[in-house]
Amino acid sequence: MMDLTPKLADGAKVVQGYAEGRFRIGGEIFPHSVLVMPGVVEAWQVADLATASVDSLEPVLAAGRAGAVEVLIIGCGPRTQLVPRPLRDALKAAGIGVEGMDTGAAARTYNVMTMEDRKAAAALIVL
């Protein structure tokens, strides 16, 4: 029988599920918004896109400057929103492309990119 289990890079994390107030990533439950990067999941102190700041994305920016992240998928909550210009400009300066979409679509897109072994990160706002 052929094994169809996705092969992930060492330490790669995928979003296994999400619901109101939480995410399940790498077998662990996170009851808050999260930043997901290669090998790292950390709390993101953002309740909605309006409260996101360049400072709040510093871990992603640092990963981009180091060449570990090339694209950031932002889960904006229940609906897609335009990523504010200061965030887009800071990400672009660090060599990171950005896409905003609803949180569910962002989680799925991040997973696909991770399984394709792309240098992706996700900033997911909890529903």
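Which residue follows α2 with a positive phi? That residue is Gly 95, and its phi is near 80°. Please keep in mind as you look around that this is a predicted model.

- Five strands form an open sheet with mixed pairing, and their order is β5-β4-β8-β6-β7.
- At the edges you will find β5 (40-43) and β7 (97-101), each of which pairs on one side only.
- From one strand to the next, the twist averages 15°.
- Strands of a sheet can pair in a parallel or an antiparallel way, through backbone hydrogen bonds.
- The antiparallel sense applies to β4 (residues 34-37) and β5, which are joined over four bridges.
- To see this pairing at the level of residues, look at Val 36, whose bridge partner in β5 is Val 41.

**Helix α1**

- The buried residues in α1 are Val 60, Leu 61, Ala 63 and Gly 64.
- Viewed down the helix axis, these buried residues of α1 fall within an arc of 160°, so they line one face of the helix.
- Their cover includes the strands β4, β6 and β8 (120-124), together with helix α2.
- Just after α1 comes Gly 67, with a positive phi of about 85°.

**Helix α2**

- Helix α2 spans residues 85-93, and its buried residues are Leu 87, Ala 90 and Leu 91.
- These three sit on the same side of α2, because they cover an arc of only 100° around the axis.
- Among the elements that cover the buried residues of α2 are α1 (58-65), β6 (71-75) and β7.

**Asn 111 in helix α3**

- Asn 111 lies in helix α3, which covers residues 103-115.
- Is Asn 111 buried or exposed? Its relative accessibility is 12%, and because buried means under 20%, Asn 111 counts as buried.
- Leaving aside residues up to four places away in sequence, Asn 111 touches Val 14 and Val 15.

Notes
Residues are numbered from 1 along each chain as its sequence is written. This is a predicted model: local features need pLDDT of at least 70, side-chain atom pairs count only at pLDDT 80 or more; totals for chains, interfaces and linings use all residues. Side-chain values use heavy atoms; hydrogens and water are left out. Helices (H or I, at least four residues) and strands (E, at least two) are DSSP runs, numbered from the N terminus. Buried means under 20% relative accessible area, exposed over 50%, partly exposed in between (1.4 Å probe, protein chains only). Contact means heavy atoms within 4.5 Å. Two strands pair if DSSP finds at least two bridges between them. Axes are lines fitted to C-alpha atoms, for helices over the stretch in contact, and angles run from 0 to 180 degrees between N-to-C directions. The arc is that of the directions from the helix axis to the C-beta atoms.
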